[in-house]
Amino acid sequence: MEWDAEGMPEPNEGLLSDMKVQTTRFGSVEVDDSRILEFPSGLLGFSSYKQYAMLQPDNDGLFFWLQSTEAPELAFVVTDPATWVPEYQATVRREQMEELGITNLETTQTFVIVNKYDQTLTVNLQGPIIVNLANHRSMQLVLSDKRWTTRHEIVRLTSQERITA
């Protein structure tokens, strides 16, 4: 799977078919199979949901929706942590790499979940999502590195932004 400049996979030139995904936010959307991610262990707190689609709501490419293909109401806003914290690096243990089917991190993409907390947008740097770009197998990690928090502020919302958020 090739990823474009915004961190999203390029469509597979018709090699794979599209999947219809039901969402509560966007209705029914067609998603290229190259944007379908498999989470064998699910996400933290959502272990029974194993398959998600990576949706890009606009061309800015900073925020994406990680939408469950199994539950229309289950979706998370995610972003590439390097956009906000250039020095961020998730440590992936050998057994996690084996489970993802990778030998090095060069063939992966990292995302973090975005949350709105009071008047700020924060990211969970303690629970990164690692995606194997070759096979779409993905995993949410729990880091023990105390440099990173679960509420790292990335944006402080102004009055106008709070109205639309």
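Predicted model: local features only at pLDDT ≥ 70, side-chain atom pairs only at ≥ 80, totals over all residues.
Biologist: Which other residue, not a glycine, has a positive phi, and how do you know whether D118 is buried or exposed?

Modeller: That residue is D118, with phi near 55°, and its place is in the loop between β7 and β8. D118 has 59% relative accessibility, and exposed means over 50%, so D118 counts as exposed.

Biologist: How confident is the predictor in the protein chain, on average and by share of residues?

Modeller: The average pLDDT of the protein chain is 86, and 85% of the residues score at least 70. Over residues 1–6, however, the pLDDT is below 50, although this stretch has 23 contacts in the model beyond near neighbours in sequence. Residues 11–15 also have a pLDDT below 50, and that stretch has four contacts beyond near neighbours in sequence.

Biologist: Why is the pair K20 and E30 called a salt bridge?

Modeller: The side chains of K20 and E30 meet with N to O at 3.3 Å, and the cut-off between a side-chain nitrogen of Lys or Arg and a carboxyl oxygen of Asp or Glu is 4 Å, so the pair is called a salt bridge. K20 is in strand β1 (residues 18–23) and E30 in strand β2 (residues 27–32), ten residues apart, and the pair links distant parts of the chain. Both K20 and E30 are exposed.

Biologist: How many salt bridges does a search of the whole structure find, and what makes D145 and R147 one of them?

Modeller: The search finds four. The side chains of D145 and R147 meet at 2.7 Å, N to O, which lies within the 4 Å that the term requires, and the pair therefore qualifies as a salt bridge. R147 counts as exposed at 58% relative accessibility, whereas D145, with a relative accessible area of 23%, is partly exposed.

Biologist: How do you know that R156 and E153 form a salt bridge, and why is E153 called partly exposed?

Modeller: The closest N and O atoms of R156 and E153 are 3.2 Å apart, and the limit is 4 Å, so this pair meets the criterion as well. E153 has 40% relative accessibility, a value between the 20% and 50% limits, and is therefore partly exposed. R156, at 52%, is over the 50% limit and so counts as exposed.

Biologist: What makes F63 partly exposed, and which residues does F63 contact?

Modeller: F63 has a relative accessible area of 25%, which falls between 20% and 50%, so F63 is placed in the partly exposed class. F63 lies in the loop between β4 (51–55) and β5 (64–68). Leaving aside neighbours within four places in sequence, F63 is in contact with P57, V77, V78, T79, W84, V114, L121 and I154.

Biologist: Which residues have the most contacts inside the largest nonpolar core?

Modeller: They are Y88, V123, L125, I130, L141, L143 and W148, in a core of 19 residues. The elements giving two or more residues to this core are α2 (94–100), β7 (108–117) and β8 (120–123). Apart from it lies another core, of 16 residues, among them Y52, F76, V78 and I113. W148 touches V85, E87, Y88, Q89, L125, Q126 and L143, not counting residues up to four places away in sequence.

Biologist: Which residues line the second largest pocket, and which element gives the largest share of its lining?

Modeller: This pocket has a volume of about 220 Å³, and its lining consists of D80, P81, A82, Y88, Q89, A90, V92, L105, T108, Q109, T110 and I130. The largest share, three residues, comes from β7, and the elements that give two or more residues are α1 (81–84) and β7.

Terms used
Residues numbered from 1 in each chain as written. Heavy atoms only, no water. pLDDT = per-residue confidence, 0-100. Contact = heavy atoms within 4.5 Å. Helix = DSSP H or I, 4+ residues; strand = E, 2+ residues; numbered from the N terminus. Buried < 20%, exposed > 50% of the residue type's maximum accessible area, 1.4 Å probe, protein only. Core = buried A, V, L, I, M, F, W, Y, C linked by side-chain atoms within 4.5 Å. 1 Å grid on protein atoms, 1.4 Å probe; cavity = no way out; pocket = protein on both sides within 12 Å on 5 of 7 lines; lining within 4 Å. Points joined across faces, edges and corners; volume = space filled by probe spheres on them.
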